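Reader: I'd like to go through this one label by label and hear what each rests on. Can you take me from the numbers to the words?

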Amino acid sequence: MRAYVMELLGTFLLTFFIAFSGEPTVVGLVLMALVYLGIHISGAHYNPAVTTAAFVRGKIDLQRGLTYVGMQFAGASAAFWVYNMVTGNMWGGDLMPSDAPAVAFGMEVLLTSILCLVILTVGMGSRYRGGMVHGLVIGFTFVALVGIGGVMNPAIAAGAILEGSLIGMPVLQDIPSLFSYIVAPLVAAVGSAYLYQYLNPDDR
């Protein structure tokens, strides 16, 4: 149960700082702290794409993975609810316009793949097991990727959709955007897990 609470809390705090700050360095430092806070409890996923990659790698079973995703979605949705209550607005993030769906999809696949590969290597791989480098590397990687632009987290996209619908400020309502910000990161997660396995055949 503690792992589920950690995923809920971690995703809430990550989304909260993304919504209220949006500054890549701030968000990256927050993620770094959250990794150290939760990696020994839940693995510090805070992202359905990371959970999907972990599932493909055999690091988490299906039931636990689905519960993680549910907690992540709930945490992101709650953070957007708080953001709306405080600001009266709805977060839109660094979302590409719907007239460039292929670009948005491709960028989400690329950026999420990099993020998942880094997390699989330093957060779940045997080479760095027991070390303290994971938070620093994941946090600074996230700073770089957010600076380029991208969501890389289906829970955040889905949370924005839900909260936006509830308050009458629609976000990501068109099908191309749904594919770009929800499907693309999951595709990237599966691909990065198999790529990691290919590059590290001895890491089980």
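Author: Let's start with T51: its side chain makes a polar contact with the side chain of H45, at 2.9 Å. Keep in mind that this is a predicted model.

Reader: What makes the pair of T51 and H45 a polar contact?

Author: The cut-off is 3.5 Å between N or O atoms, one able to donate a hydrogen and the other to accept it. The T51–H45 pair, at 2.9 Å, counts as a polar contact. The side chain of T51 makes another polar contact, with the side chain of Q72, at 3.0 Å.

Reader: Where does T51 lie, and why is it called buried?

Author: T51 lies in helix α3, residues 48–56. Buried means under 20% relative accessible area, and T51 has 2%, so it is buried. Setting aside residues up to four places away in sequence, T51 touches H45, I60, G65, Y68, V69 and Q72.

Reader: Which other residues of α3 are buried?

Author: Along with T51, the buried residues of α3 are P48, A49, V50, A53 and A54.

Reader: And what goes on at the start of α3, and what follows the helix?

Author: At the start, a side-chain oxygen of N47 comes to within 2.8 Å of the backbone nitrogen of A49. After α3 comes G58, with a positive phi near 80°.

Reader: Where do Y46 and M152 lie, and are they buried or exposed?

Author: Y46 is in the loop between α2 and α3, and M152 is in the loop between α6 and α7 (154–167). With the limit for buried at under 20%, Y46 at 1% relative accessibility counts as buried. M152 has a relative accessible area of 0%, so M152 is buried too.

Reader: How do you know that S42 is buried?

Author: Same test: S42 has 7% relative accessibility, which is under 20%, so S42 counts as buried. S42 is found in the loop between α2 and α3. Leaving aside neighbours within four places in sequence, S42 is in contact with A3, M6, E7 and Y68.

Reader: Why is G70 called partly exposed, then?

Author: G70 has a relative accessible area of 31%. G70 is in helix α4.

Reader: On to the rings. How many aromatic pairs are there?

Author: The count comes to five aromatic pairs. One of them is F16 with F17, an edge-to-face pair at 5.6 Å centre to centre and 75° between the planes.

Reader: Why is the pair of F20 and Y83 called edge-to-face?

Author: Centres have to lie within 6.5 Å, and planes over 60 degrees apart count as edge-to-face. The F20 and Y83 centres are 5.0 Å apart and the planes are at 80°, so the pair is edge-to-face.

Reader: What does the F20 and Y83 pair tie together?

Author: F20 lies in helix α1 (residues 2–20) and Y83 in helix α4 (residues 62–87), so the pair ties together parts that are 63 residues apart in sequence. F12, F16, F17, F20 and Y83 form one aromatic cluster.

Reader: Which labels do F16, F17, F20 and Y83 get for accessibility?

Author: Y83, at 13%, is under the 20% limit and counts as buried. F16 at 25%, F17 at 31% and F20 at 34% are each partly exposed.

Reader: How do the lining residues of the largest cavity divide?

Author: The lining of the largest cavity has ten nonpolar residues, three polar and no charged.

Key
Residues numbered from 1 in each chain as written. Predicted model: local features only at pLDDT ≥ 70, side-chain atom pairs only at ≥ 80, totals over all residues. Heavy atoms only, no water. Phe/Tyr/Trp six-rings, centres within 6.5 Å; stacked < 30°, edge-to-face > 60°. Buried < 20%, exposed > 50% of the residue type's maximum accessible area, 1.4 Å probe, protein only. Helix = DSSP H or I, 4+ residues; strand = E, 2+ residues; numbered from the N terminus. Contact = heavy atoms within 4.5 Å. Nonpolar A, V, L, I, M, F, W, Y, C, P; charged D, E, K, R; others polar.
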